[in-house]
Amino acid sequence: MDRRSLYNKSIANFIDNFDKFVNKEETENFLVLNKPAWVPSHRDNHYPLGVIDVVKMMRNDSNYILPHRLDIETTGNLIILKRPEVRS
């Protein structure tokens, strides 16, 4: 399967099952999300949606910040900040 097909399949699964990817240890300042393979951390010219875009869309909140990233092929936990002031 080519990269674009892997992305399309993975991003659809991520959106459809979003709550299953959110770690139960969510706090008022951050959430931990298990990033699936073939979903980029951030969007780019090749992939129109990334993890942070989906989080903002699903939570209907544009304040979420992703201070780090994982490669598109990599699965693993991402810590996502809920507010900009949590950075400091």
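Trainee: Which residue just after α3 takes a positive phi?

Mentor: Asn60 does, with a phi of about 50 degrees. Please note that this is a predicted model, in which local features need pLDDT of at least 70 and side-chain atom pairs count only at pLDDT 80 or more, while totals for chains, interfaces and linings use all residues. Residues are numbered from 1 along each chain as its sequence is written, and side-chain values use heavy atoms, with hydrogens and water left out.

Trainee: What makes a stretch a helix or a strand here?

Mentor: Both are DSSP runs numbered from the N terminus: helices are H or I over at least four residues, and strands are E over at least two. Helix α3 covers residues 51-59.

Trainee: Why is Ser41 called buried?

Mentor: Buried means under 20% relative accessible area, exposed means over 50%, and partly exposed lies in between, using a 1.4 Å probe and protein chains only. Ser41 has a relative accessible area of 2%, so Ser41 is buried. Ser41 is placed in the loop between β1 and α3. Leaving aside residues up to four places away in sequence, Ser41 touches Lys35, Gly50, Val51, Ile52, Leu66, Arg69, Leu70 and Leu78, where contact means heavy atoms within 4.5 Å.

Trainee: Which residues of α3 are buried, and what covers them?

Mentor: The buried residues of α3 are Val51, Ile52, Asp53, Val54 and Val55. Their cover includes α1 (3-16), α2 (18-21), β1 (30-35) and β2 (76-81).

Trainee: Why is α1 called roughly parallel to α3?

Mentor: Two packed helices are described by the angle between their axes and the distance between the axes. Axes are lines fitted to C-alpha atoms, for helices over the stretch in contact, and angles run from 0 to 180 degrees between N-to-C directions. The axes of α1 and α3 come within 11 Å and cross at roughly 30 degrees. Angles under 35 degrees count as roughly parallel, over 145 as roughly antiparallel, 65 to 115 as roughly perpendicular and the rest as oblique; therefore α1 is roughly parallel to α3. The contact is made by Ile11, Phe14 and Ile15 of α1 with Val51, Val54, Met57 and Met58 of α3.

Trainee: What makes Glu73 and Arg3 a salt bridge?

Mentor: A salt bridge requires a side-chain nitrogen of Lys or Arg within 4 Å of a carboxyl oxygen of Asp or Glu. The closest N and O atoms of Glu73 and Arg3 are 3.3 Å apart, and the pair forms a salt bridge. This pair links distant parts of the chain, 70 residues apart, with Glu73 in the loop between α3 and β2 and Arg3 in helix α1. Glu73, at 39% relative accessibility, is partly exposed, as is Arg3 at 40%.

Trainee: How many salt bridges does the structure hold?

Mentor: The structure holds six salt bridges. Another of them joins Glu26 and Lys82, with closest N and O atoms 2.6 Å apart. Glu26 lies in the loop between α2 and β1 and Lys82 in the segment after β2, so the pair ties together parts 56 residues apart in sequence. Glu26, Arg59 and Lys82 are linked in a network of salt bridges.

Trainee: Is Lys82 buried or exposed?

Mentor: Lys82 counts as buried, because its relative accessibility is 14%.
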